[in-house]
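Please take a moment with the sequence and the model before reading on.

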Amino acid sequence: MADTYDLTSLRDRLDRVASLDASALEAEEIAVLGRKQGELNARLKALGSIPIEQRREAGASLNTLKGEFEAAFAARREVLRAASRDAARSAIDPTMPGRAAWVGSRHPVTEVIDEIVEIFRSLGFTVALGPEVENEELNFHALNFPPDHPAMDMHDTLYLDQGRDAPAERLLLRTHTSPVQIRVMRGGPPPYRVVIPGMVYRNDPFDPSHAPAFSQIEGLAVDRGITFVDLKATLTHFARRFLGADTRVRFRPSFFPFTEPSAEMDVGCLLCGGEGCSACKGTGWMEILGCGMVHEQVLKGCDLDPEEWTGWAFGMGPQRIAMLRYGVPDIRLLYSGDMRFLSQFGRLA
Ligand code: DAH
């Protein structure tokens with residue numbers, strides 16, 4: 001029978017408190033100090049059954065022991081808490097360099113489009129937009145393409161429903177932004193000065209210089225008394241604003257069904273400055289756009305009298321221009337989303 005005033009076993013337990021882990025500590029605290037089942041209370045209650053002359057001293061010892069247990073539990077709890085704090089801290093290495101977050105920048109093609117549009121806006125042009133799902137009438141016929149033009153072949157054009165009889169009902173993905181010229185001219189009276197950015201589609205697989213979807217920027221200026229001089233002056237001004245004041249330009253005769261006369265504008269090679277390099281195939285020149293005077297047939301088809309109204313138009317490809325400007329060898333890089341490529345164009349949005 002545990003002797004009420006032999007405190008040896010309790011003293012042993014007191015000594016062991018300092019080595020208990022967290023859950024054993026909790027259990028031991030209840031076992032020793034618990035109000036109902038606790039060892040100390042049981043001993044205090046049992047004091048009544050020991051000889052009166054020993055009772056006083058035993059009671060004092062038990063109370064002292066109780067205080068010592070309380071202190072020992074509190075001290076052990078604190079040690080365990082500090083240890084677990086240290087463990088958590090050592091899982092973090094404050095000397096490691098921080099991880100740099102990606103900083104977004106605008107896509108080089110977006111940059112080119114916005115710069116070009118902005119230059120024309122500063123000249124009084126407004127932005128016009130048209131649908132990417134267009135009909136054959138506006139994409140081809142109203143632009144004076146002859147009915148058997150090879151561009152209308154399924155090999156080049158992505159038709160959505162070729163079965164219909166009327167060209168105006170045959171839907172396709174527009175192959176250029178030129179049909180928006182027709183929409184503008186049929187949409188209200190001249191004068192017009194518009195730039196038309198947008199996506200166009202062709203039945204081409206991806207290769208280094210082709211993409212099945214790409215963007216264009218179209219331009220159209222129609223007014224009384226507009227001549228080829230306006231075309232050359234405006235596009236030359238544009239090239240020098242966009243590429244630098246000393247940019248050389250030249251116009252070469254060309255052909256488009258919807259312009260007469262037609263031309264292509266070249267600029268001095270952006271990479272070699274005209275010396276001749278692989279990018280300009282040794283010529284020192286790069287073609288950056290097609291242009292011309294709006295064809296009489298096109299004006300007439302929009303109910304505009306060619307005796308009263310004349311105009312000029314242009315079309316260019318922002319992906320192509322971005323490739324020339326930045327020396328990008330493969331158009332697919334512009335579609336890749338590859339951060340190793342894109343992060344070189346670091347301008348912030
Ligand atoms: N639509 C032509 C194309 O996709 C580009 C073009 C050339 C547009 C001359 C024009 C222009 O407005 O005048 O190849």
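A short exchange about this predicted model follows.

Guide: The model is predicted, so local features need pLDDT of at least 70 and side-chain atom pairs count only at pLDDT 80 or more, while totals for chains, interfaces and linings use all residues. Residues are numbered from 1 along each chain as its sequence is written, and side-chain values use heavy atoms, with hydrogens and water left out.

Visitor: What is the strand order in the open sheet of 3 strands?

Guide: Strands here are DSSP runs of E, at least two residues, numbered from the N terminus. Two of them pair if DSSP finds at least two bridges between them. The pairing in this sheet is antiparallel, and the order is 2-4-3.

Visitor: Which residue in strand 4 is the bridge partner of Asp161?

Guide: Strand 3 and strand 4 (residues 171-173) run antiparallel and are joined by 2 bridges. In strand 4, Asp161 has as its bridge partner Leu171.

Visitor: Is Glu169 buried, exposed or partly exposed?

Guide: Glu169 sits in the loop between strand 3 and strand 4. Buried means under 20% relative accessible area, exposed over 50%, and partly exposed in between (1.4 Å probe, protein chains only). At 42% relative accessibility, Glu169 is partly exposed.

Visitor: What is the relative accessible area of Gln181?

Guide: Gln181 belongs to helix 7 (residues 179-186), helices being DSSP runs of H or I with at least four residues. Leaving out residues up to four places away in sequence, Gln181 touches Ile196, Glu218, Gly219, Leu220 and Ala313, where contact means heavy atoms within 4.5 Å. Gln181 is buried, and its relative accessible area is 1%.
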